[in-house]
Amino acid sequence: MGFVNPSYDDAVPQRGEGGLFLAFEGVEGSGKSTQAGLLADYLRGRDVEVVHVREPGSTPLGERVRSLVLEEVELGIPPWSELFLMLAARAAFLDQVVLPSLAAGRVVIADRFELSTLAYQGAGRGLPLAEVARCNRFATRGVSPDGTVFLELPSDEGSRRQIAAAKRPDRMEQEAREFHERVARGYQEITANVDGLLKVDASGSIQEVQRRVMAALGQRFPETFAPGGFIS
């Protein structure tokens, strides 16, 4: 299994000046939604214009796809169909949310983006990663986050967190343990080839993880995340 970053001749869409695109990635239960929300709140407290979004979702099409892929268990969606549903949602998400927000100079914080597709539909579903990467790049036209926070946590620990939180599992979360182990292994392989990746230990308390996230972002983007801005 290998990861290929294909190139295309079509131009990357204009992003504008001053915006920043960040994504949070990781296995189920690693704390992506929590940490993305805390980061959004932190920036809003500093009068930064923030667009906090989720993927798939955050557009009318994206929310429909989210409902289909995560809730409609009885549909029996085949792996390739699942991939193209995700990418249809991503293309709309890019055009309707990400690019306009970046052009306006806002910070976009996404709960998942392209690495989830490589890990879940690629490694998890067994689709060839090189083909998944090509399809994804076609859907995004080469636009990737400026920085991706990868919350590292064993899949078993993520499952324990979700059980402890009494969270109702969606269609992906209901998959067998072997599926989530493939996703976790896929993430580890894929993240070895990603520019702008910020690996953060997701073990410990929410506050401890947030401090690590802010420290990593402060090193990478000091103009946005000034030192000393951590929670107490």
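**A helix and its surroundings**

Modeller: The chain exposes about 10,900 Å², and carbon and sulfur atoms supply 51% of that area. Accessible areas come from the Shrake-Rupley method with a 1.4 Å probe, and for residues only the protein chains shown count as cover. This is a predicted model, in which local features need pLDDT of at least 70 and side-chain atom pairs count only at pLDDT 80 or more, while totals for chains, interfaces and linings use all residues. Residues are numbered from 1 along each chain as its sequence is written, and side-chain values use heavy atoms, with hydrogens and water left out.

The chain has eight helices and five strands; helices (H or I, at least four residues) and strands (E, at least two) are DSSP runs, numbered from the N terminus. Of its 232 residues, 50% count as buried, where buried means under 20% relative accessible area, exposed over 50%, and partly exposed in between (1.4 Å probe, protein chains only).

The part to examine is helix α6, residues 155–164. Its residues S155, G158 and Q162 are buried. These three lie on the same side of α6, because they cover an arc of only 55 degrees around the axis; the arc is that of the directions from the helix axis to the C-beta atoms. On the face turned away from that buried side, α6 carries the exposed residues I163 and A164. The cover over the buried residues of α6 includes α7 (177–190). After α6 comes A166, whose phi is positive, near 55 degrees.

Y187 touches, among others, E25, R112, Y120 and F150, not counting residues up to four places away in sequence; contact means heavy atoms within 4.5 Å. In soluble globular proteins, nonpolar side chains tend to be buried together.
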